[in-house]
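Visitor: Please put the model up. I have some questions about its side chains.
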Amino acid sequence: GKFDYVLIETTGLADPGSVGQMFWVDEGLSQLYLDGIVTVTDGNNFMLTLKEAGGKVSEFERQIALADVVIVNKMDLITESVRVTVQDKILSINGTARILYTTHCNLNLDDILGIEAYSNPNSVTPTQTRHVLRNLHCNTNNIT
């Protein structure tokens, strides 16, 4: 037995950096590779969640910053202007993330599997990821 794919889901506000890092440092996982990091966010409560951080970089923002794909869920509950605001905020935190919009998280698995975000030699390295996280606070606009 070999696995075709291993999907790791972290519930809540887990730090994707520490989960992703294990693929670069754990010898026991040498036969696995990190395909990509997918973050699901609640489109209806997105801005409220950011405000609750009180101007500090939160785990929520770290998840957005490290994501290769951001799924904005609950599209049925938000207006187009809120969608644009959420999209703009996501892109201000992570300008390279692909954004998917869903209702009830209905999507095609091909959109989140086979991302190959780390198989390209020009992909972001762990060192670059740490640099992005160190500078996240400087690049995040205050929310009013």
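Visitor: What is the relative accessible area of Lys 74?

Guide: This is a predicted model, where local features need pLDDT of at least 70, side-chain atom pairs count only at pLDDT 80 or more, and totals for chains, interfaces and linings use all residues. Residues are numbered from 1 along each chain as its sequence is written, and side-chain values use heavy atoms, with hydrogens and water left out. Buried means under 20% relative accessible area, exposed over 50%, partly exposed in between (1.4 Å probe, protein chains only). Lys 74 is partly exposed, at 31%.

Visitor: Which residue forms a salt bridge with Lys 74?

Guide: A salt bridge puts a side-chain nitrogen of Lys or Arg within 4 Å of a carboxyl oxygen of Asp or Glu. Here the N to O distance is 3.0 Å. Lys 74 sits in the loop between strand 2 (69-73) and helix 4 (80-93), its partner in strand 1 (residues 38-42), so the pair ties together parts 32 residues apart in sequence. Helices (H or I, at least four residues) and strands (E, at least two) are DSSP runs, numbered from the N terminus. The partner is Asp 42.

Visitor: How far apart are the closest N and O atoms of Arg 83 and Glu 80?

Guide: Both residues lie in helix 4, three residues apart, about one turn of the helix. Arg 83 is buried, with a relative accessible area of 16%. The salt bridge distance is 2.7 Å.

Visitor: How many of the eight residues of helix 3 are buried?

Guide: Helix 3 spans residues 59-66 and is largely enclosed by the rest of the structure. Its buried residues include Phe 60, Ile 64 and Leu 66. Glu 59 is partly exposed, at 30%.
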